[in-house]
Amino acid sequence: MNAVAIIPEQNLLQAIPEKLGISERWVEKGGVHWLASDTLHVRDLAAVMNKCHARFITITAYQMPGDQGLRLEYHWDVNGNVLGFSFQLAANSIESIYDLCEAVDWIEREIHEGFAIDFTGREYEPLLLRQGDTPGVNLRETGTPNKTATGLSAQEEVKK
Amino acid sequence: MGPYHPALEEPYKLDMICEGETVIDAKLHIGFNFRGIEHLAESRNYIQVIALMERVCGICSNIHTLTLCQAMEQLTNQTPPPRAQYIRVVVAELERLHSHVLWAGIAAKLMGFKTMFMTCFEIREKVMDVLQAISGNRVNYSMNSIGGVNRDIDDPLAVLAMIEQLEREMVRTVIPIFTTSTTARSRCAGIGVLTNQRAISCGTVGPTARASGLPQDLRRAAPYAAYSEMEFEVPVQHDGDVRARLLVRALEIMESCKILRQALTKMPSGDINTGDAKIVFSTGTATSRVEAPRGEVMYSVSWKENSRNPSRVHVRTPTFANMPAIRWMVMGARLADTPLIQASIDPCYSCTDR
């Protein structure tokens, strides 16, 4: 069903938290409407963004200081508003949304290569930026590739 | 095909599977010019990082510093004065003219229309002359700074006269040939189609999206600088083919001239920057978006208080969003049409690789 047909455009922002089943509200900061919630799931988010006809913009990866790990920020555009959703990564991995949102393909691959973050549930093409090299060497301070459940990195699995 | 494109002389590679002369599927490979600019930015201070980001792209260099400075202005709580906002619009639109005319020349060459290539490049030189008159530079203009611009436009009406001459030449030659000539029509109509649905699912931006019926333009949807005070149309075509992308850019040239005329005649007097000698950053992340000639550019800039350098600068360029759509454009196309199809998104590999 077309969500935009049901929800008037001006109410779309207000409807998104409800559709995600969370009680938190938007906080506007640094040119972005942020919605932060501990219970937010990235695949649920992608599904709701699709229903709202939001346009995917990008994912930004951050390496946090010390041993605080990595953080991903997902951005979509709705009627000229930038929406931001932040995810702290527990084990340097997060579920891929490529099957839900075709536009994330290259940025998931780039982040995988730059930060050695594993987007689970997808296959990787050969490296986008540094073919044949090790993931995590471009933007991450330590270039240790993340291991998947099989003990191999995603790139090694592709090669296998 | 590649990694050196037959026309664009920038590297990327398209692996195509063909049946005879028909392309069945394709895969794209980029990264041949990866420079690690995002990583380099973390070792540059707030002045050096502007110069670094100006070099992300050789065509839309001004757009990158504009987007970066807008993000840094959020972190330093600065608002550029009105005259600076108008100057930012003037330089951004001149850059759009220069980019679109450059693209038109390359497209003409790929169509086999070499006299048109020469005409476009002659006009482009005149646009660059205007940029040189304003900034002193023809490629990297160094116009933007935190809190405004570095150089004033002393005599906006003199620049206006140059713009009007340019507009006359475009109306007399470029626009009619691209919109009505049989050559342009026969080489561009119905090829490299990107459907509206596919344009949405790929997250395409700029003229590529607008040629597939998506009326998105940040100058209208999320105005920045002085765009909220400008009257202009957002050209949209619905066929999604190479001709539609050509028409969108041709019409955008006219809209850019319209915006330039307004910005130059209505330019307010006053300061061109905030004049703050000391720049103080607050801790946080700021995001800024600008409608570059090829589409939306987005910067996410993170800073820690008392730090001279950004802790992270992420750049999402328009070609990074548009280029994956080439796969869908070339599927079913004739092999001979693929160089023109690829060029029709006006790809910038320099931006994409960063």
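Colleague: Is B:S145 buried or exposed?

Modeller: This is a predicted model, and burial is judged here by counting C-beta atoms around a residue, with 20 or more within 10 Å as the cut-off for buried. B:S145 is buried, because 22 other C-beta atoms lie within 10 Å. The residue belongs to strand 3 of chain B, which covers residues 144-145.

Colleague: Which residues is B:S145 in contact with, once its neighbours within four places in sequence are left aside?

Modeller: They are B:I50, B:C69, B:N150 and B:N273. As for B:N273, it is 128 residues away along the chain, yet its C-alpha atom is separated from that of B:S145 by 8.0 Å.

Colleague: Let us turn to a helix. How does the span of helix 4 of chain B agree with its number of residues?

Modeller: One sets the expected span against the distance between the end C-alpha atoms. Helix 4 of chain B, residues 82-111, has 30 residues and should span 44 Å at 1.5 Å a residue, and because its end C-alpha atoms are 43 Å apart, the two values agree.

Colleague: How many residues of chain B are in contact with chain A?

Modeller: There are 27 residues of chain B in contact with 22 residues of chain A. Two or more residues on the chain B side come from each of helix 1 (37-41), strand 5 (284-292), strand 6 (295-303), strand 7 (312-316) and helix 12 (318-322) of chain B. Strand 5 of chain B gives the largest share, six residues. By class, this side of chain B holds ten nonpolar, 13 polar and four charged residues.

Colleague: What is the secondary structure of chain A?

Modeller: Chain A has five helices and seven strands, which follow the pattern α-α-β-β-α-β-β-β-β-α-β-α along the sequence. Its mean pLDDT is 76, with 72% of the residues at 70 or more. Over residues 1-8 of chain A, however, the pLDDT is below 50, and this stretch has six contacts beyond near neighbours in sequence.

Colleague: In what order do the five strands of the open sheet in chain A lie?

Modeller: The order is 1-2-5-4-3, and the pairing is mixed. The edge strands are strand 1 (27-29) and strand 3 (55-63) of chain A, each of which pairs on one side only. Neighbouring strands are turned by 30 degrees against each other on average, direction ignored.

Colleague: Where do the parallel and antiparallel pairings occur?

Modeller: Here one goes from pair to pair. Strand 1 and strand 2 of chain A pair in the antiparallel sense over three bridges, with A:V27 opposite A:W34. Strand 2 and strand 5 of chain A run parallel and are joined by two bridges, and here the bridge partner of A:W34 is A:G84. Strand 4 and strand 5 of chain A run antiparallel, joined by nine bridges, and they form a hairpin with two residues between them, where A:N79 in the turn has a positive phi of about 50 degrees.

Colleague: Why is strand 3 of chain A said to be largely enclosed?

Modeller: Eight of the nine residues of strand 3 of chain A are buried, so the rest of the structure largely encloses this strand. Strand 3 of chain A pairs with strand 4 of chain A in the antiparallel sense over eight bridges, and A:I59 stands opposite A:Y74.

Terms used:
Residues numbered from 1 in each chain as written. Chains lettered and ligands numbered in written order. Predicted model: local features only at pLDDT ≥ 70, side-chain atom pairs only at ≥ 80, totals over all residues. Helix = DSSP H or I, 4+ residues; strand = E, 2+ residues; numbered from the N terminus. Expected span 1.5 Å × (residues − 1). Contact = placed C-beta atoms within 7 Å. Nonpolar A, V, L, I, M, F, W, Y, C, P; charged D, E, K, R; others polar. Pairing = 2+ DSSP bridges. Axes fitted to C-alpha atoms, helices over the stretch in contact; angles between N-to-C directions. Buried ≥ 20, exposed ≤ 12 C-beta atoms within 10 Å, placed from the backbone. pLDDT = per-residue confidence, 0-100.
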